[in-house]
Amino acid sequence: MYGAVLVGLGVGAVVGVLTVSQLHADRAKGTMLAGVGIGGGLAMVILGAATTPAIVVLGTIVAGSMQASYMTISAALIQEVVPDALRG
């Protein structure tokens with residue numbers, strides 16, 4: 001079961017990052033950052049309420065997707081805002 005949970009996180013992360021890589025508009029990044037932030041919280045609710053192993057694995061897929069997407073978008077937005085001189 002533990003292996004399936006870890007695979008679910010990885011699969012979700014790959015799907016999330018590939019989805020983020022398709023964003024090209026700056027407005028979409030801000031909206032998606034808010035959406036995946038909320039989605040990450042909902043994924044934790046799914047995991048907390050899970051009663052079967054299948055729901056746990058699905059919840060970890062959603063959690064991996066939301067968390068990896070959030071980290072990717074937030075890092076990209078920070079790099080866009082910080083001046084080049086401050087970014088080693």
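Is Leu9 counted as buried, partly exposed or exposed, and at what relative accessibility? At 31% relative accessibility, Leu9 counts as partly exposed, where buried means under 20% relative accessible area, exposed over 50% and partly exposed in between (1.4 Å probe, protein chains only).

The legends below describe a predicted model, in which local features need pLDDT of at least 70, side-chain atom pairs count only at pLDDT 80 or more, and totals for chains, interfaces and linings use all residues. Residues are numbered from 1 along each chain as its sequence is written, and side-chain values use heavy atoms, with hydrogens and water left out.

**View 1. Overall fold of the protein.** The secondary structure comes to 3 helices and 0 strands, in the order α-α-α from the N terminus on. Helices (H or I, at least four residues) and strands (E, at least two) are DSSP runs, numbered from the N terminus. Along the principal axes, the C-alpha atoms fill a box of roughly 50 × 25 × 20 Å. Of the 88 residues, 23% count as buried. The accessible surface comes to about 5600 Å², and 73% of this belongs to carbon and sulfur atoms; areas come from the Shrake-Rupley method with a 1.4 Å probe, and for residues only the protein chains shown count as cover. Among contacts (heavy atoms within 4.5 Å) between residues at least 6 apart in sequence, 70% join residues at least 24 apart.

View 2. Helix α2 covers residues 26–49, and its 24 residues should span 34 Å at 1.5 Å a residue, the expected span being 1.5 Å times one less than the number of residues. The end C-alpha atoms are 35 Å apart, which agrees. Lys29, Met32, Leu33, Val36, Gly39, Gly40 and Ala43 are the buried residues of α2. These residues pack against α1 (2–20) and α3 (53–81).

**View 3. The largest nonpolar core.** This core has 5 residues in all: Val20, Met32, Leu33, Val36 and Ile73. A nonpolar core is a set of buried Ala, Val, Leu, Ile, Met, Phe, Trp, Tyr and Cys residues joined through side-chain atoms within 4.5 Å. Helix α2 gives the largest share of the core of Val20, Met32, Leu33, Val36 and Ile73, namely 3 residues. Not counting residues up to four places away in sequence, Ile73 touches Val20, Lys29, Met32 and Leu33.

**View 4. The salt bridge between Glu80 and Lys29.** A salt bridge is a side-chain nitrogen of Lys or Arg within 4 Å of a carboxyl oxygen of Asp or Glu, and by this rule the count comes to 1. Glu80 pairs with Lys29 in a salt bridge whose closest N and O atoms are 2.7 Å apart. Glu80 lies in helix α3 and Lys29 in helix α2, so the pair ties together parts that are 51 residues apart in sequence. Lys29 counts as buried, at 16% relative accessibility, whereas Glu80 counts as partly exposed, at 42%. Leaving aside neighbours within four places in sequence, Lys29 is in contact with Leu23, Ile73, Leu77 and Glu80.

**View 5. A nonpolar surface patch.** Tyr2, Leu6 and Leu9 form this patch, with about 310 Å² of accessible area together. Patches are made of residues with over 30% relative accessible area and no salt bridge; like charges are joined within 9 Å, and nonpolar side chains (Val, Leu, Ile, Met, Phe, Trp, Tyr) within 5 Å. Leu9 lies in helix α1.

**View 6. Thr19 and Met71.** Thr19 is found in helix α1 and is partly exposed, with a relative accessible area of 39%. The C-alpha atoms of Thr19 and Met71 are separated by 13 Å, and the two residues are 52 residues apart along the chain.
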